[in-house]
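This report describes how parts of one protein chain pack together. Please examine the sequence and the structure before reading on.

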Amino acid sequence: ETVPISFQEFLPGYFQALGLKLKAGRFPSESDHTMSPPAAVLSERAAMELFRGANAVGRTFETGKGDASFQVVGIVGDVRKSGPSLPAQAEVYVSSDDKGTAGPLTVVVRPRPGAPLRIEELRRLAQSLGTRVYVERIRRSSDLYRLRIDRPRRQTLLLGLCGGLGLLLALVGIFGVTAYA
């Protein structure tokens, strides 16, 4: 049976930076790069979909692409990337291969409590890695929250106001026709 699952690559410290809670097993370590089959961490939903509620830690699974298989070393809580109203996706986290292939990358930084987050310093640090590094944007998690929560909330409020205005206009029209009759 084929289960739709999103694959995410990660680097060491990713789960800690996002604050994802470990539900079972362990977080991957540096030694997991040499494991065969490679180590993977599942979201709770992915573990439920792939193993139907059985203990997933230590078990292996195969992907539909080629003959790639992975061994589950840990299970983390679900992440609702599409907002709180939609269900969480089943996700498999696999260690990023260090083969030099570059693509879009999201870097998560969690500063120490009380330490200021200097955006320009982060931009300079990223661009110092090489001439081909392009930093598209640096956003705070509060900005992402605002995009995912506040914007739909404002749209709903605007649609509600338009609906109320339409209802008021219809009532005035009905009253006018009744008064004329």
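## Helix α2

In helix α2 (residues 44-51), Ala 46, Ala 47 and Phe 51 are buried, that is, under 20% relative accessible area with a 1.4 Å probe and protein chains only. These residues lie on the same side of α2 because they cover an arc of only 100 degrees around the axis, the arc being that of the directions from the helix axis to the C-beta atoms. Helices (H or I, at least four residues) and strands (E, at least two) are DSSP runs, numbered from the N terminus.

The model is predicted: local features need pLDDT of at least 70, side-chain atom pairs count only at pLDDT 80 or more, and totals for chains, interfaces and linings use all residues. Residues are numbered from 1 along each chain as its sequence is written, and side-chain values use heavy atoms, with hydrogens and water left out.

The buried residues of α2 pack against β3 (39-43), β4 (60-62), β5 (69-76) and β6 (91-95), where contact means heavy atoms within 4.5 Å. Arg 52, which follows α2, has a positive phi near 50 degrees.

## Nonpolar cores

A nonpolar core is a set of buried Ala, Val, Leu, Ile, Met, Phe, Trp, Tyr and Cys residues joined through side-chain atoms within 4.5 Å. The largest has 13 residues; Ala 40, Leu 42, Phe 51, Ala 56, Phe 61, Val 72 and Val 92 touch the most other members. At least two residues of this core come from each of β3, α2, β5 and β6. Apart from this core lies another of nine residues, including Val 41 and Tyr 93.

Definitions and conventions:
Buried < 20%, exposed > 50% of the residue type's maximum accessible area, 1.4 Å probe, protein only.
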